[in-house]
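Colleague: Could you take me through the reading of a model, one kind of feature at a time, with the general idea before the case in hand?

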Amino acid sequence: MMRVSEEGGGYAPIQQIASRKMSQATFGMQLKGHKRARLIILFFLIAFSAVGVRLGQLTIGTPRPVDLAQEADDKIPRPEIVDRNGELVATDIQVASLFADPRKIIDIDEAVEQLTANLPRLKADEVRRKLSDRNRAFTWLARQISPDEQAIIHNLGIPGIGFRWERQRIYPKGRLAGHLVGFVDIDSRGIAGMERYLDDQGQLLVASLADPLEAKAGPVTLALDVRVQHAMTEELQKAKEKFSAVAAAGVVMDVNTGEILAMSSIPDFNPNDPVEALQKDRINRLTTAVYEMGSTFKTVTFAMCLDAGVSMQSRWDARGALVIGRSRIGDFRAENRVLSLPEVFTYSSNIGTARMALDQGIEKHQAFLRKLGFFGRMRTEIPESAAPLVPARWGKISTATIAFGHGMSVAPLQLLSAVAAFMNGGKLIPPTFLKRDPELMAGLGEQVIKPETSDKMRYLLRLNGQIGSAKKADVKGYRVGGKTGSAEKVVNGQYSKGKNVTNFIAGFPMEKPQYLVFVLLDEPNALKETYGFRTSGWNAVPTGGKIIERIAPLLGVLPKFDDGTTKGVAIAASLLQ
């Protein structure tokens, strides 16, 4: 017997009905399984999303916790500074600095006691104030401590106290060329000298020097020659002590490239202890001070007149004082006669030089000074510089006095740049403290006087070195030429009869000058051996000679002992007749 069931309007066997029911049951089970799987998947999606959002907050939305003790300093360090021969003059070293996390300090009194007992330079009140600030997670306690100090503090085991590695700038040559190299502050920011210059050039300069493989900047090569710097500085120091001067300064410059091979201003300072640099007497007298240069400034007047076509045979009346209004201009050692152009130079006649400038006129005088840059501040890599002091009202007396180096004050380096042009064929080349590539010199510099004018200036300078006021610097074999200058100092707005500044500019070898040497002595005193004189010829000139004698061999200048010196003196003497 077969049981039937009525469905869908018909009848089906019981087996078919049972089979359909089982299929429906199976489908229901599958449907429930799919829903459960979806719920599980949805759960994990929500969970992973929550984790992802949290990770994003931790890595992007909130500051990353810093492990101060372990954080590496991955910045490109300051570039090393080397002299023109590769001698290291500035570099970085790694040192530890002491910090605290006040939130982790357990016993403030004990921490203060232990820290100040082992680092006496720490002030207890200041340390206590810093450690008591529980809202801070970091505070410096002592920057750049020694390895011994680090070991002692480390062994104390004070919770919340740690160390962080920093870079410290050191200067292996100490105070040698301190004014030139400059220094940085405790955060390694350039404050003065070439260090300040490097910062002003920004990351572009550092990047240009960087070694991509070592993440390390290449060295900055200065024009400086530490051998020359040492020799010059030593002679300046001796001169300062011998003549009891308040200061001494000097420069050695390549007249053909404008490179400063040495620059020293004494008293100086040690860049490793830059606090010294803040003392008033430690200024750089070559760039940040201005002086009435005295007779060395006469070179400018002679270059102007010769370039304008004035003959070497021209003569000027120096038989008596030159009177302009209520002013009287006289000579230090008056000849009281008519002087030829070479005589005006070698006798350093104020009267003759003033008459030469007045013959050119005020406008031409000003135009020539402007062409040489004397009306503006000299710009070099070193940021410290002083603007010249120019008369507010420029009349006939201004031209007359400025012609022989009074009435206008300039930075010595500014005058040296002009005198280098007088020696090198007439090109005014900007001075530089960086090593210059000779191949890139073409086109650098402005032609400010004719080459033949430069020839005549070299002759006059050499003549003065042979028979004039610079003869005490005529080192045998090195054909030195130069000009001396002495000027009374201005004290409280008036010229002081008891205080003067002497200077000397020399070039060598004068048949084709390569180097210029400058010496300045501030308030030198007379000695018995100087017969009571304290003018340049008795102090700055012999100092310059000693410097040349020491540096010429270092610079590869060979002495010539067959340069016809005796004959040259005879010819020069005949020109003075």
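This is a predicted model: local features need pLDDT of at least 70, side-chain atom pairs count only at pLDDT 80 or more; totals for chains, interfaces and linings use all residues.

Modeller: Let us start with burial: a residue is buried under 20% relative accessible area, exposed over 50%, and partly exposed in between, with a 1.4 Å probe and protein chains only. Residues are numbered from 1 along each chain as its sequence is written, and side-chain values use heavy atoms, with hydrogens and water left out.

Colleague: What percentage of the 577 residues in the chain is buried, and how many helices and strands does the chain have?

Modeller: Helices (H or I, at least four residues) and strands (E, at least two) are DSSP runs, numbered from the N terminus. By that reading the chain has 17 helices and 22 strands, and 48% of its 577 residues are buried.

Colleague: How should I read a nonpolar core, and which residues have the most contacts inside the largest one?

Modeller: In soluble globular proteins, nonpolar side chains tend to be buried together. A nonpolar core is a set of buried Ala, Val, Leu, Ile, Met, Phe, Trp, Tyr and Cys residues joined through side-chain atoms within 4.5 Å. The largest one here has 87 residues, and Leu-180, Leu-222, Phe-374 and Leu-516 have the most contacts inside it. Helix 14 (residues 412-423) gives the most to this core, namely nine residues. There is also a second, separate core of 31 residues, which includes Ala-262, Ala-506, Ile-551 and Val-557. For contact in general the criterion is heavy atoms within 4.5 Å; leaving aside neighbours within four places in sequence, Leu-180 is in contact with Gly-193, Met-194, Leu-222, Leu-224, Met-263, Ile-382 and Phe-433.

Colleague: Why is helix 11 described as largely enclosed by the rest of the structure?

Modeller: Helix 11 (residues 350-360) is so described because eight of its 11 residues are buried, among them Asn-350, Ile-351, Met-356 and Gln-360. At its start, a side-chain oxygen of Ser-349 comes to within 3.4 Å of the backbone nitrogen of Ile-351, and after the helix comes Gly-361, with a positive phi near 95°.

Colleague: Where do the partners of the salt bridge between Asp-522 and Arg-285 lie?

Modeller: The closest N and O atoms of Asp-522 and Arg-285 are 3.8 Å apart. This pair links distant parts of the chain, 237 residues apart, with Asp-522 in strand 22 and Arg-285 in the loop between strand 13 and helix 9. Arg-285 is buried, with a relative accessible area of 9%. Elsewhere, salt bridges that share partners join Arg-78, Asp-92, Arg-169, Glu-195 and Asp-199 into one network.

Colleague: Is Asp-268 buried or exposed, and which residues does it touch?

Modeller: Asp-268 is buried, at 11% relative accessibility, and is placed in the loop between strand 13 (260-266) and helix 9 (298-307). Not counting residues up to four places away in sequence, Asp-268 touches Arg-175, His-179 and Arg-282. The side chains of Asp-268 and Arg-175 are joined by a polar contact of 2.9 Å; the term denotes a pair of N or O atoms within 3.5 Å, where, within protein, one must be able to donate a hydrogen and the other to accept it, and residues adjacent in sequence count only if both atoms are side-chain atoms.

Conventions: A salt bridge is a side-chain nitrogen of Lys or Arg within 4 Å of a carboxyl oxygen of Asp or Glu.
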